[in-house]
Amino acid sequence: MRKFKGLLALLVVFALMFSLAACSTNNATKPQDTSQTATETVKTQFPLKVTDFLGREVTIEKEPQRIVSLAPSTTELIYALGAGNKVVGVTDFDNYPPEVKDVPKVGGFKGPNVEAITAQKPDIIFASTLSGKEQMESLEKMGIPVVMLEAKNIDQIYQSIRIIGQITGTEKKGEELIKQMQDKIKEINDKVKELPKVSVFYLVSLDGNWTAGKGTFIDELINLAGGKNVAEDVNGWAQYSVEELVKKNPDVIITSPHAGDVKDIKNMAGYKDTNAVKNDKVFVISNDDIISRASNRIVLGLEEIAKFLHPEAFK
């Protein structure tokens with residue numbers, strides 16, 4: 001159980017399950033002129049005031065040249081926007097893109113290391129509520145602006161991209177990235193939206209029978225992929241009774257590489273009685289990160305799930 005608690009804690013960090021996100025998001029994005037190069041930057045006027053995901057107005061006095069990111073998803077977005085060369089500190093959990101392995105680590109399971117952060121002399125810190133309220137307040141008192149990013153759905157990933165783009169002068173690249181995501185989501189959804197909904201159970205871990213309920217990226221992806229999450233009756237990460245699972249009788253079970261052995265799942269009491277197991281419809285996602293991190297790679301997770309549920313639409 002101790003091993004699972006560690007896994008769950010890591011998953012929670014990766015999934016960025018936030019309960020304090022306060023900003024609304026704009027669902028409509030106008031098509032952008034993408035004729036210029038992706039590396040072009042837009043000159044942002046400083047001092048710059050931005051409103052973060054906690055509804056706080058944060059003033060950034062000068063253009064940041066040294067960035068600390070305390071969430072793997074935010075790190076991925078910074079690199080995707082072409083500002084990765086400015087990142088001087090990340091967490092132990094950051095593993096993408098590959099070059100991030102060479103960036104100094106300033107936080108881990110025990111939270112952010114304030115001394116390690118200040119040693120990097122950051123101009124700005126991108127944080128989340130998982131970063132530690134007291135630590136972030138102490139850094140703000142030192143005059144370092146802290147911007148909280150709390151995306152918990154795809155629309156809010158777009159919002160994160162726009163905020164980071166504005167701060168780093170990569171707004172045009174940000175709109176291109178958003179357009180790419182929207183186009184990919186539409187392409188996938190168009191292939192499955194007229195097909196019958198497939199009932200799905202996502203298994204986070206056999207140890208405790210944990211699942212991903214309403215309010216998780218996984219739930220949103222299942223719906224976009226032409227499925228129906230049988231665990232939509234619970235919120236967030238939750239333990240789900242095997243009896244209820246048998247009653248819901250999912251057509252497909254999707255799990256992660258760390259959830260447990262597929263053979264164990266297929267032979268486990270209750271599971272073996274489901275349509276998913278009987279029809280050999282138990283699938284393993286290639287990478288937890290592409291379904292739980294609030295980054296542009298979420299569309300890769302959507303495509304994998306859609307192919308699990310409706311392989312006929314992708315032939």
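**Helix packing up close**

Guide: Let's start with helix H2 (residues 72–80), which packs against helix H5 (residues 154–168) at an angle of about 60°, the two axes lying 10 Å apart. That angle makes H2 oblique to H5; under 35 degrees would count as roughly parallel, over 145 as roughly antiparallel, 65 to 115 as roughly perpendicular, and the rest is oblique. Axes here are lines fitted to C-alpha atoms, for helices over the stretch in contact, with angles from 0 to 180 degrees between N-to-C directions. Helices (H or I, at least four residues) and strands (E, at least two) are DSSP runs numbered from the N terminus.

A word on the source: this is a predicted model, in which local features need pLDDT of at least 70 and side-chain atom pairs count only at pLDDT 80 or more, while totals for chains, interfaces and linings use all residues. Residues are numbered from 1 along each chain as its sequence is written, and side-chain values use heavy atoms, with hydrogens and water left out.

Back to the pair. On the H2 side, Thr74, Leu77 and Ile78 meet Ser160, Ile161 and Ile164 of H5; contact means heavy atoms within 4.5 Å. The residues of this contact divide into four nonpolar, two polar and no charged. (Ala, Val, Leu, Ile, Met, Phe, Trp, Tyr, Cys and Pro count as nonpolar, Asp, Glu, Lys and Arg as charged, and the others, Gly among them, as polar.)

The buried ones are Pro72, Ser73, Thr74, Thr75, Glu76, Leu77, Ile78 and Tyr79. After H2 comes Gly82, with a positive phi near 85°.

Now for the sheet. Four strands form an open sheet in the order E4-E3-E7-E8, with parallel pairing; two strands pair if DSSP finds at least two bridges between them. Strand E4 (87–89) and strand E8 (146–148) stand at the edges with a single partner strand each, so one side of each has no neighbour in the sheet. From one strand to the next, the twist averages 30°.

Strand E7 (residues 124–127) is joined to E8 by three bridges, and the two run parallel. Here Ala127 stands opposite Met148 in E8, while H2 packs on the sheet, touching strand E3 (67–69), E4 and E7, its direction making about 140° with that of E3. H5 lies across E3, E7 and E8, and runs at about 175° to E7.

Ile125, in turn, has Val146 of E8 as its bridge partner. Ile124 and Phe126 point one way from E7, Ile125 and Ala127 point the other way, and all are buried.

Conventions: Buried means under 20% relative accessible area, exposed over 50%, partly exposed in between (1.4 Å probe, protein chains only).
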